[in-house]
Amino acid sequence: MPLTTSKQMLLDAQKGGYAVGAFNAENMEMVQAIIAAAEELRAPVMIQTTPGTIKYAGVDLYYANVSAAAKNASVPVAIHLDHGNSYELAVQALRAGYTSIMIDGSQEVLEKNIAITKYVVSACAPCGVPVEGELGKVGGKEDDTEDSGVNYTDPEQAVRFVAETGVSSLAVGVGTAHGIYQTKPVLNVELIAELRKVLAVPMVLHGASGLTDKDIRNCVSCGICKVNFATELRIAFSDAVKEYLHQNPAVFDPKKYGAKAREAVKKQVMERMKICGCDGKV
């Protein structure tokens with residue numbers, strides 16, 4: 001089916017008490033793996049690209065990749081700009097055909113975050129494309145940006161942010177971090193529940209790679225409607241390639257080790273979809 005937006009996906013998840021899995025893809029095999037997992041489990045899915053991924057190969061190429069794969073899928077697939085870092089990039093993704101946009105102004109003071117987010121929402125609204133904002137910092141490393149601290153989302157500021165920007169969903173800071181956890185994260189699931197009481201829009205959890213199944217389930221049960229996974233998929237893909245080439249050093253055909261890596265990513269995605277509870281929702 002054609003690419004769909006993320007808006008109804010997340011509203012359905014909010015109503016149904018589950019979360020949509022949002023998975024970052026770096027290449028064709030990862031896109032194929034993510035959609036194959038969604039098909040097998042009958043789950044809605046979001047495929048994401050970061051500014052760093054787009055810088056590597058271009059927004060048009062990644063859009064074409066996901067769009068072509070989604071055309072033959074029988075489950076809803078959205079393509080999402082993850083951690084859009086400028087108005088210009090957001091508009092570039094929108095013009096390319098992305099069906100979901102994130103603008104991340106969380107590094108800025110509240111007023112500036114509101115202003116840039118509202119600007120992107122205004123650009124996307126005529127096309128019916130939903131926008132995810134972020135309030136409160138998610139620590140760790142995302143592309144070329146690294147932040148060692150975690151800034152928890154303030155409920156009062158969150159209410160103001162959503163009201164003034166018009167975002168369709170909100171990424172919240174609750175103790176997670178991007179990349180590989182060096183120490184055990186301290187999640188504030190009580191804050192998620194508190195935010196759920198005052199916010200009408202679906203909430204998003206970033207930095208889920210490395211969290212335990214229990215951690216993710218707790219976050220979803222308290223109100224998270226979208227969970228992002230990136231680093232663990234890269235690890236699954238790369239480890240599968242390394243293992244295959246170690247066992248078959250004479251192989252030079254990328255399709256051989258690409259197929260093994262695709263299988264590994266599909267398995268990882270299916271496991272996470274089940275934890276999020278989005279399996280069987282299509």
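The side chains of Arg42 and Glu39 meet in a salt bridge, 3.2 Å from N to O; the term stands for a side-chain nitrogen of Lys or Arg within 4 Å of a carboxyl oxygen of Asp or Glu. The structure holds ten such salt bridges. This is a predicted model, where local features need pLDDT of at least 70 and side-chain atom pairs count only at pLDDT 80 or more, while totals for chains, interfaces and linings use all residues. Residues are numbered from 1 along each chain as its sequence is written, and side-chain values use heavy atoms, with hydrogens and water left out.

- Arg42 sits in the loop between α2 (28–41) and β2 (45–49); helices (H or I, at least four residues) and strands (E, at least two) are DSSP runs, numbered from the N terminus.
- Its backbone is worth a look: Arg42 has a positive phi of about 55°, and it is not a glycine.
- Arg42 is partly exposed, with a relative accessible area of 29%; buried means under 20%, exposed over 50% and partly exposed in between (1.4 Å probe, protein chains only).

- His83 belongs to strand β3 (residues 77–84).
- With a relative accessible area of 7%, His83 is buried.

**Other salt bridges**

- Glu40 and Lys266 join their side chains in a salt bridge of 2.8 Å, N to O.
- That pair links distant parts of the chain, with Glu40 in helix α2 and Lys266 in helix α11 (residues 254–276), 226 residues apart.
- Lys266 counts as partly exposed at 23% relative accessibility.
- Glu111 forms a salt bridge with Arg160, and the closest N and O atoms are 3.6 Å apart.
- Glu111 lies in helix α6 (residues 110–124) and Arg160 in helix α7, so the pair ties together parts that are 49 residues apart in sequence.
- Both ends are partly exposed: Glu111 has a relative accessible area of 46%, and Arg160 comes in at 33%.

**The barrel**

- Eight strands make a closed barrel with parallel pairing, in the order β1-β2-β3-β4-β5-β8-β10-β11; two strands pair if DSSP finds at least two bridges between them.
- From one strand to the next, the twist averages 30°; axes are lines fitted to C-alpha atoms, for helices over the stretch in contact, and angles run from 0 to 180 degrees between N-to-C directions.
- Strand β5 (residues 131–135) and strand β8 (residues 169–172) pair in the parallel sense over four bridges, and Leu135 stands opposite Val172 in β8.
- Helix α7 (residues 155–165) lies across β5 and β8, running at about 150° to β5; contact means heavy atoms within 4.5 Å.

**Strand β11 and its two partners**

- Strand β11 (residues 224–229) is mostly covered, with six of its six residues buried.
- Strand β1 (residues 20–24) pairs with β11 in the parallel sense over four bridges, and the bridge partner of Phe23 in β11 is Phe229.
- Strand β10 (residues 203–205) runs parallel to β11, joined to it by three bridges, and Leu205 has Val227 in β11 as its bridge partner.
- Between β10 and β11 the chain passes through helix α9 (residues 213–221), and this β-α-β crossover is right-handed (with the strands pointing away from the viewer, the path from the first strand over the helix to the second runs clockwise).

**The nonpolar core**

- The largest nonpolar core has 85 residues, and those with the most contacts inside it are Val77, Tyr98, Ile101, Leu170, Val227 and Met273; such a core is a set of buried Ala, Val, Leu, Ile, Met, Phe, Trp, Tyr and Cys residues joined through side-chain atoms within 4.5 Å.
- Helix α2 supplies the largest share of this core, eight residues.
- Leaving aside neighbours within four places in sequence, Ile101 is in contact with residues including His80, Leu81, Ala90, Val120, Cys124 and Val131.
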